[in-house]
Amino acid sequence: MDRKKIDTYAKAWVKEAGERLKKSFSEELTIETKSNRNDLVTNLDKEIELFFRHKIAETFSDHKVVGEEAMEANYSNVSGVVWIIDPIDGTMNFVHQQRNFAISIGIYEDGVGQIGLIYDVIHDELYHAIKGEGAFMNEQRLPMLEEVEVSDMILSINATWIGENNRIDPSILTPLVRDVRGTRSYGSAAIELAYVAAGRTDAYMTMRLAPWDFAGGVVLLQEVGGEVTTMDNQPLDFVNGSSLFASKPGLHKQINETYLGK
Ligand code: 2AM
Ligand code: CA
Ligand code: CA
Ligand code: CA
């Protein structure tokens, strides 16, 4: 694949889609719910995904697309070039705050992440990475991540996982939350992954993500030496989604041994 060409088109489309999202603030949104009353989807989620689908079909007719809003049952066929797209990551923020949402794209070839793009529209911060060529924020190269102690770290985590929930015993995470310097939750998995890659936070943990939530961020993290696994220290599941633990180098070992019992 011609990665430079694909990257150039992808960046231009992401910027164009971002402009469309900003313009939409002056229009009335159509808001629907999906699996429950807090699982929101708007006409813009669907419109932006269709925008990318049309552009990709027009320009790269042999590429495949996997996106959140198409609701494909699954995609077991990962051969060839696949764009994994989340048109709006952080739809709740988009609806309630008009900020802290992102467009996230991961471009994979035969299952290997080649390009990652995360666009924080309102801050106008475009993170992108090409495998083997580094990660950038608005064309500024992101430095390799350095090791940090748990007591000095900022952990990105949603309060859901510290309260009663059906995915993890909160007593596993409360000692970690107590020992870190601080916690943050931004409400967009893509932004949270980009922040770890940019060194703004030191780790991000969540018990459930879909492939389009992490496909872009994983490529960014690989380029700056970040570690990404499930919470069980296994490879991520790019078909069904999985839990996720992303961190600066060394933190996985410290946290797995001391807190997660791995
Ligand atoms: P979304 O806005 O694209 O739906 C919010 O904490 C983060 O979790 C967002 O990145 C959000 O993505 C994602 N999210 C929301 N519902 C989810 C679900 N059912 N499974 C996985 N991720 C989800
Ligand atoms: Ca959603
Ligand atoms: Ca998402
Ligand atoms: Ca989404």
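Leaving aside neighbours within four places in sequence, with which residues is Ile88 in contact? In this predicted model, where local features need pLDDT of at least 70, side-chain atom pairs count only at pLDDT 80 or more, and totals for chains, interfaces and linings use all residues, Ile88 is in contact with Leu44, Asp45, Ile48, Phe94, Phe101 and Ile103. Residues are numbered from 1 along each chain as its sequence is written, while chains are lettered from A and ligands numbered from 1 in the order in which they are written. Contact denotes C-beta atoms, placed from the backbone, that lie within 7 Å.

Strands (E, at least two residues) and helices (H or I, at least four) are DSSP runs numbered from the N terminus. Ile88 is buried, with 29 other C-beta atoms within 10 Å, and Asp89 is buried, with 32; a residue is buried at 20 or more such atoms, exposed at 12 or fewer, and partly exposed in between. Beyond four places in sequence, the contacts of Asp89 are Phe101, Ala102, Ser104, Ser188, Ala189, Ala190 and Asp213.

Under "binding site", an unreviewed UniProt entry lists Glu68, Asp86, Ile88, Asp89 and Asp213. These residues span 146 residues in sequence, yet no two of their C-alpha atoms are more than 9.7 Å apart, so they gather at one spot. Such annotations may be inferred rather than shown by experiment.

Two helix pairs were also examined. Helix α1 (residues 3-23) packs against helix α2 (residues 43-59) at about 155°, with the axes 11 Å apart; axes are lines fitted to C-alpha atoms over the stretch in contact, and angles run from 0 to 180 degrees between N-to-C directions. The two helices are therefore roughly antiparallel (over 145 degrees; under 35 is roughly parallel, 65 to 115 roughly perpendicular, and the rest oblique). Their crossing is right-handed, the near helix being turned clockwise from the far one by less than a right angle. Tyr9, Trp13, Ala17, Arg20 and Leu21 of α1 meet Leu44, Ile48, Phe51, Phe52, Lys55 and Thr59 of α2. By class, this contact has eight nonpolar, one polar and two charged residues.

Helix α4 (residues 170-179) and helix α7 (residues 251-260) pack at about 125°, with axes 10 Å apart, which makes α4 oblique to α7. This crossing is also right-handed. Ile172, Pro175 and Leu176 in α4 meet Ile255, Tyr259 and Leu260 in α7, a contact with six nonpolar, no polar and no charged residues. Ala, Val, Leu, Ile, Met, Phe, Trp, Tyr, Cys and Pro count as nonpolar, Asp, Glu, Lys and Arg as charged, and the others, Gly among them, as polar.

Key
Two residues are in contact if their C-beta atoms, placed from the backbone, lie within 7 Å.
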